[in-house]
Amino acid sequence: PCGSSRPVRGTGRAELSGFGKAETLAEMALPKEFSGGIDMATGLARASVLLTLSIVAGCGSEAGPSVCEVPEPMGPLVLTSGEGVAAAERWQVVELWRAGGLEEDAAQMMLPASARVSADGNLAMADFQSGDVWLLDRHGDWLEAVAGRGEGPGELMSPLVAAWTPEGGLLALDAAQSKLERFDLSTGAAETLRLPADLLGPIFSVGLVGWFGLRGDGAAFVEMPSSASGSGRVEFAMGRPGDEGRSVVWATDYPAGLVPAYDVPTRPEWPRALLAVGIDGWAVAPQSDRYEIVVFGATDEPLMHICVEDQERFRQVGPDPFPPEDEWLVEIEAQAHSESEAILSRIHVDHDGRVWVQRELPRPGAPYDPIFGVAGATMDVLSPAGEFLARVRLPDDLRFQDAKGDTIWAFSIGEFNEIDVV
């Protein structure tokens, strides 16, 4: 059946079982000079790409119950299909501007780990290596950056992600110091907000970090590696400033010997749980070979359980621009094969509450895909009500970051590892 969740009522948590194989985790090693963080051995510089979409409204047809049978949905069940909508290709992507990369007047970005757009179209990018939060306006012009590397008020050591508050302020999550910095861009003031010690502490103690997210109300979400969250289990946890400890919002249990880990290779086709955080809510795709997504609101209660009829698998095409070493591929091939295969590899909740679903699986050993997404990916777009809006194919060099209205922001990684914001 499409639904494979066992909800634990009143906690926003579901435990999944019965798939028989481990699910993949984002494998990004930490910098050598830190006890935690993202691998900076590649020394990337980044830039962004802005795109616009030509949209024609349309509705997806309802999926048949033979495809989506969910005995215990988490929230109202929404059945949808991309049949006809996806084939129409009604969203055309047109590039508007590029910023960054090797331009002389570009921000000296080193390792931006995420990008989020504000209500007025400004883009914030947390740079894990430089400690800055870089800002671009909606026309692609650089604004004055905030923060900077340091341990004092208004400074960041290892920012993982930024988020915009409902009032237009800016938040940044500092992984090295287990804190948030809240910036008032109109006055330049900054405020330090401490997070629960057990949210990021266990990740740094094992020296690895995977997926992370930040909501506008200050709720921070992280993926807890199995070595930090207990044998046989991978958890997604949440913590807010002032909380006494972290809360587990989603957990997946695995058979003995098949627990995914950050320090060993894993297969990208293994079904794994995926999370995404929006302005005031979040979503999860359970560990499954079916196309289903559960959407949660600001109170962390499930709003709906979406099941999409489409079962098509997508593969990356063309040569790998960043091929892994042969020894790494040999290690991956030696891992257990999955009895089933994931149907999607990344989800994202945009500024407008739409869910963007990346369909291609990363190549084995891909160094950038877990955080920045697949280049040239096919993205399905679901409305806040669960309607299948469109299927969008990005240009070959672009990795989706965020969207608002008819505009997409993406990263493009050049041959010298420079990053453009498009």
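Predicted model: local features only at pLDDT ≥ 70, side-chain atom pairs only at ≥ 80, totals over all residues.
Residues are numbered from 1 along each chain as its sequence is written, and side-chain values use heavy atoms, with hydrogens and water left out.

**View 1. An open sheet of four strands with antiparallel pairing.** The strands follow the order β22-β23-β24-β25; strands (E, at least two residues) and helices (H or I, at least four) are DSSP runs numbered from the N terminus, and two strands pair if DSSP finds at least two bridges between them. Because β22 (346–349) and β25 (388–393) each have a single partner strand, they stand at the edges, and one side of each is left without a neighbour in the sheet. Neighbouring strands are turned by 20° against each other on average, direction ignored, where axes are lines fitted to C-alpha atoms and angles in general run from 0 to 180 degrees between N-to-C directions.

**View 2. A salt bridge between Glu 312 and Arg 391.** The two side chains meet at 3.9 Å, N to O, a salt bridge being a side-chain nitrogen of Lys or Arg within 4 Å of a carboxyl oxygen of Asp or Glu. The pair links distant parts of the chain, 79 residues apart, with Glu 312 in the loop between β21 (302–308) and α4 (326–333) and Arg 391 in strand β25. Glu 312 is partly exposed at 42% relative accessibility, whereas Arg 391 is buried at 16%; buried means under 20% relative accessible area, exposed over 50%, and partly exposed in between (1.4 Å probe, protein chains only).

**View 3. A salt bridge between Arg 393 and Asp 396.** The side chains meet at 3.3 Å, N to O, with Arg 393 partly exposed at 40% relative accessibility and Asp 396 exposed at 60%. Elsewhere, salt bridges that share partners join Asp 310, Glu 312, Arg 359, Asp 380 and Arg 391 into one network.

**View 4. A salt bridge between the buried residues Lys 179 and Glu 181.** Their side chains meet at 2.8 Å, N to O. Lys 179 has a relative accessible area of 1%, and Glu 181 has 0% relative accessibility. A search of the whole structure finds 19 salt bridges.
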